Amino acid sequence: ALARQHGVEFGFSFGEEVAGTVTTPGTIAFTMSSKGAADNWFSFMRALETGRRLITLDTIQMTSADGKVYSIVGNGKFFSQ
């Protein structure tokens with residue numbers, strides 16, 4: 001829903017899950033793909049930063065054939081406790 005609010009197509013798949021401990025948060029790896037104008041995508045990312053979830057992005061690759069619409073692929077982790 002957040003991606004749609006910012007005009008970005010978005011999809012993701014989950015990967016490996018690592019359980020947390022008393023002193024270390026758990027993680028769930030993910031791969032994401034999205035498509036949209038660069039301004040829309042950065043607006044979407046700013047909204048994620050202010051959200052309730054702690055997320056890291058390990059890699060992001062942005063490509064564009066026309067300099068207007070970008071395809072973005074990335075990998076990261078959701079953290080939980």
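How many bridges join strand 1 to strand 2? Eight bridges do so, and strand 1 and strand 2 (residues 26-37) run antiparallel. Strands are DSSP runs (E, at least two residues) and helices likewise (H or I, at least four), numbered from the N terminus; two strands pair if DSSP finds at least two bridges between them.

The model is predicted, with local features requiring pLDDT of at least 70 and side-chain atom pairs pLDDT 80 or more, whereas totals for chains, interfaces and linings use all residues. Residues are numbered from 1 along each chain as its sequence is written, and side-chain values use heavy atoms, without hydrogens and water.

Four strands form an open sheet in the order 1-2-4-3, with antiparallel pairing. Its edges are strand 1 and strand 3 (54-63), each of which pairs on one side only. Helix 2 (residues 38-49) packs on the sheet and touches strand 1, strand 2, strand 3 and strand 4 (69-80); contact means heavy atoms within 4.5 Å.

The following residues are classed by relative accessible area (buried under 20%, exposed over 50%, partly exposed in between; 1.4 Å probe, protein chains only).

| Residue | Relative accessible area | Class |
|---|---|---|
| F14 | 53% | exposed |
| T27 | 14% | buried |

F14 is located in strand 1 (residues 9-18), and T27 in strand 2. Not counting residues up to four places away in sequence, T27 touches E16, E17, V18, K77, F78 and F79.

Technical notes
Axes are lines fitted to C-alpha atoms, for helices over the stretch in contact, and angles run from 0 to 180 degrees between N-to-C directions.
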